[in-house]
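Trainee: I am new to this structure. Can we walk through it step by step?

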Amino acid sequence: MKAPSKTETAEATYIRTTPRSRALYEQACRVMPGGTTRTTVYFAPYPLYIERGQGAQVWDVDGTSRLDFIGNYSALILGHAHPKVTAAVAAQLERGTSVAAANPMEVQLAEELCRRIPSLDMVRFTNSGTEATMFAMRVARSYTGKQKIARFEGGYHGTHDFAEVSTRPDLELAGSATAPNPVADSAGTPQVALSETVVLPYNDLGSVERILREHRRELAAVIVEPVIGAGGVIPAEREFLEGLRSLTRELGILLIFDEVISLRIAPGGAQDYYGVMPDLTTMAKIIGGGLPVGAFGGRADLMELLDPRRPDSVPHGGTYNGAPLGMAAGLATLRELTPEVYADLNRKGDKVRRELRAVFDAHDIAAQVTGIGSLFNVHFTSVPVRDHRSMRTSNPQMSRDLFLGLLNHGILMAPRAMGAICTPMTDEDLRALVTAVNEVVDERETEWRELGA
């Protein structure tokens with residue numbers, strides 16, 4: 001790839017160096033709305049098409065290699081094509097891909113999850129985090145006999161109807177920061193999803209207590225990301241999470257941790273890191289080893305509602321629930337994730353966050369670098385980012401410039417400037433990221449000053 005220049009926009013460089021991605025996108029637009037089957041991988045002027053990945057690197061269809069600092073939105077904690085994972089999948093592939101029966105691999109992965117995650121007595125498998133949160137909410141309603149679910153503004157819990165509320169609301173409709181209104185994420189979200197949802201402000205225990213006490217007789221559960229993921233990689237403050245657990249326990253409201261992303265910050269997830277135990281936990285991403293696997297689990301008295309031997313059981317079907325390929329990949333992945341591996345990943349995360357902050361400070365660019373463990377997110381704002389409203393003060397044009405600029409310098413991150421570190425990454429790879437960010441800032445600094453940076 002020819003190096004970008006200060007006289008060429010980041011988008012112009014991207015278009016010049018990715019002609020085959022552009023051609024594939026034009027082809028895709030004829031058979032898929034918007035040319036993609038996954039909204040999150042689209043960005044203007046067209047998405048990047050990746051042909052293969054190995055370790056910490058990916059190669060696009062034009063043959064350009066990049067360090068992959070997003071890992072399929074944090075799912076690929078071991079990087080691409082890890083030999084233990086590919087061997088486990090290949091061995092299972094020879095025995096078959098799926099069956100209309102239970103299989104030994106699902107038992108092994110279930111045992112491993114229950115061993116690792118402090119609050120799990122029992123677990124059930126799904127195909128995605130979306131299904132996991134949908135069933136966790138259903139179990140909570142069934143157990144309590146109540147209908148409403150409280151969730152936090154800016155949190156992301158998948159794409160089922162009752163998750164599609166106030167993920168990134170129109171702030172003119174969202175109301176007060178301390179008493180947010182429920183706002184539909186898109187057209188087609190049913191009105192009942194709004195009326196049965198209570199929205200809470202993140203990291204604001206005082207406001208949360210007031211709202212929960214007001215709605216205590218209607219609420220089945222509170223669902224929370226201990227680390228807001230898609231909404232900016234914002235960790236919960238310890239006192240906030242501990243207070244939320246105490247409050248929900250006092251009020252008889254179930255607490256659901258959405259650990260789809262945060263499971264990668266410690267061997268037992270964020271609940272292990274914070275020492276706060278929920279009633280139910282939802283999981284996905286790293287537990288599938290790169291294949292589509294989700295899960296939900298928790299207290300035995302809650303999960304036993306799914307027992308088909310009960311006359312009043314909550315049904316839970318799914319053609320590919322517990323499919324052995326995903327179970328094999330997930331089990332192989334978790335077996336690689338020892339406490340020592342987590343410690344090394346988290347050391348690397350600390351290093352990246354620290355050095356990125358130093359880059360922006362050296363250029364006198366107002367930016368916050370949030371994150372925890374091996375996760376990080378850049379926000380172009382002078383406001384400390386601790387909740388959704390502060391995250392929304394970030395300059396979106398600068399985030400886009402950084403994302404496209406990094407693509408042109410051999411780094412793949414999320415368009416929202418989120419990154420995740422995988423185990424194959426070396427300190428040299430981390431330096432490459434920091435160097436690339438510095439080069440992008442050099443190229444765009446004049447434009448950014450005009451934007452008020």
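Predicted model: local features only at pLDDT ≥ 70, side-chain atom pairs only at ≥ 80, totals over all residues.

Trainee: What span should the 13 residues of helix α13 have, and how far apart are its end C-alpha atoms?
Mentor: Helix α13 covers residues 324–336. Helices here are DSSP runs (H or I, at least four residues) and strands are DSSP runs (E, at least two), numbered from the N terminus. The expected span is 1.5 Å times one less than the number of residues.

Trainee: How many residues of α13 are buried, and what covers them?
Mentor: Buried means under 20% relative accessible area, exposed over 50%, and partly exposed in between (1.4 Å probe, protein chains only). By that rule 11 of the 13 residues are buried, so α13 is largely enclosed by the rest of the structure. Among them are Pro324, Gly326, Met327 and Leu334. Their cover includes α4 (83–95), α5 (104–116) and β4.

Trainee: In the open sheet of 7 strands, what is the strand order?
Mentor: Two strands pair if DSSP finds at least two bridges between them. The pairing in this sheet is mixed. The order is β4-β14-β13-β12-β9-β5-β8.

Trainee: Which strands stand at the edges?
Mentor: An edge strand here has a single partner strand, so one side of it is left without a neighbour in the sheet. The edge strands are β4 (122–126) and β8 (197–200).

Trainee: In which sense do β13 and β14 pair, and which residue stands opposite Thr282?
Mentor: Strand β13 holds residues 280–283, and strand β14 holds residues 294–298. They pair over 4 bridges, in the antiparallel sense.

Trainee: Which residues touch the most other members of the largest nonpolar core?
Mentor: A nonpolar core is a set of buried Ala, Val, Leu, Ile, Met, Phe, Trp, Tyr and Cys residues joined through side-chain atoms within 4.5 Å. The largest one has 56 residues. Its most connected members are Phe69, Leu113 and Phe360.

Trainee: Which element supplies the largest share of this core?
Mentor: Several elements each supply at least two residues, including α5, β4, α13 and α14 (339–362). The largest share is 8 residues, and it comes from α17.

Trainee: Where is Cys422, and is it buried or exposed?
Mentor: Cys422 sits in the loop between β18 (418–420) and α17 (427–450). Contact means heavy atoms within 4.5 Å. Residues touching Cys422 include Ala56, Leu76 and Leu345, not counting those up to four places away in sequence. At 5% relative accessibility, Cys422 is buried.

Trainee: How many disulfides does a search of the whole structure find?
Mentor: A disulfide is a pair of cysteine sulfur atoms within 2.5 Å. The search covers the whole structure. The number found is 0.

Trainee: Asp364 and Ala417 have positive phi; which values do they take, and is each buried or exposed?
Mentor: Neither residue is a glycine. Asp364 lies in the loop between α14 and β15 (368–372), with phi of about 55°. Ala417 lies in the loop between β17 (411–412) and β18, with phi near 70°. Asp364 is exposed at 60%, whereas Ala417 at 2% is buried.

Terms used: Residues numbered from 1 in each chain as written. Heavy atoms only, no water.
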